[in-house]
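Hi,

Here's the structure I promised to pass on.

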Amino acid sequence: MLLSIIIPVYNVENYLLSCVESLLNKSNDIHQYEVILVDDGSTDKSGIICDELKSKYENIKVIHKSNGGLSSARNAGIKVAKGDWISFIDSDDMVVENYIEIILSLIKNYHLDIIMFRYLPFKKEKYLDDRLKKITFRNTSFKRISKKDAMDALFDGNYTNYSWNKIYRKNLFDKILFPVGKNFEDVITTCKLIDKANTFGKYKDILYFYRQRKGSILNSTDPSTKLLQIQDSIQARIIQLNFFNVHKYEYLNEVAKHWIMKDCMDYISCLHKNALSKNAFYYKVVNILKNYSVSKKFDSRKQILKLKLYKVSPTIFFILIKLKNKFN
């Protein structure tokens, strides 16, 4: 079997059918791929929908497990996957109409360890109608790239750290799994997979649609939850930076530190904007910003100005934040 598509599922009864139907709405050789739905202890009807989909499509497998989070669900899917390559889809997202056909073509034509492709964020499905139409596989859309190019793509907004806009040779996961209990697990894991791989490619067409919805892990509007999300992002990016240093990717230090700084500025802005209490992590963030060296290559002029103002006088910086919020 060539491909295993792993879809973690948790309380997405309103989106799961759209996700799977977008994937399986075309006839392909079902012996070349499988779809693994991992019900991660859903408390709504998602588990029932998984079983209904299994009865409808003979190459769908379903795993029901206790809740362990996204990383745990992905790891469970990897454990039972039969394909030589693996791809991931989040259960509230969607893909182009002939996603499987294109992915199989990429695998058969190039046999690379990792191939990444572009994605498009969306909020409502009605805006995707034209984009979901069949996309013809084009060799001209594909480009072989080096390991350095693949690492650089982690900081390219067209590709970035996400796991779901890439396909991977399964043996890359022999000793690499997603960190259970961590948010921003892709930031921690994707760089490790690229480091282990040897051959890479980019497919420049959009194949994946990333749903931005309230209530999802990365789109909370609750200030305290949002602050914890930014904290998780900072911690994941620090782990990534340490990985770059240990594995001799020092040329990525500057851009990696830029993203840590950006998250740190978001953290203190969120904390003061919402009058949240300072904790031990706040002072860690303050120390990171204190020791940050401006990057003329990656920091925008606005970011440089904000950072310099913060370093000169945090008090004035926070007063300006309050004034900005007052008049917005």
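**What I found**

At 11% relative accessibility, D205 counts as buried (buried is under 20% relative accessible area, exposed over 50% and partly exposed in between, with a 1.4 Å probe and protein chains only). Before going on: this is a predicted model, so local features need pLDDT of at least 70 and side-chain atom pairs count only at pLDDT 80 or more, while totals for chains, interfaces and linings use all residues. Numbering runs from 1 along each chain as its sequence is written, and side-chain values use heavy atoms, with hydrogens and water left out.

Back to D205, which sits in strand β9 (residues 200-211). Helices (H or I, at least four residues) and strands (E, at least two) are DSSP runs, numbered from the N terminus. The D205 side chain makes a polar contact of 3.0 Å with the side chain of S141 (a pair of N or O atoms within 3.5 Å; within protein, one must be able to donate a hydrogen and the other to accept it, and residues adjacent in sequence count only if both atoms are side-chain atoms). Not counting residues up to four places away in sequence, D205 touches F117, R118, I135, R138 and S141, where contact means heavy atoms within 4.5 Å.

Next, helix α1 (residues 16-23): L16, C19, V20, S22 and L23 are buried there. They cover an arc of only 160 degrees around the axis, which puts them on the same side of α1; the arc is that of the directions from the helix axis to the C-beta atoms. The buried residues of α1 pack against several elements, including β1 (3-9), α2 (46-56) and α4 (99-110).

L23 comes up again in the largest nonpolar core, which has 108 residues; L23 is among those with the most contacts inside it, as are I7 and L106. Such a core is a set of buried Ala, Val, Leu, Ile, Met, Phe, Trp, Tyr and Cys residues joined through side-chain atoms within 4.5 Å. Its largest share, ten residues, comes from helix α8 (residues 253-273). Leaving aside neighbours within four places in sequence, L106 is in contact with H111, I115, F137, F142, I167 and Y203.

As for the whole chain, 52% of its 328 residues count as buried. Among contacts with a separation of 6 or more, 80% are between residues 24 or more positions apart. The C-alpha trace spans about 65 × 45 × 40 Å along its principal axes.

Cheers
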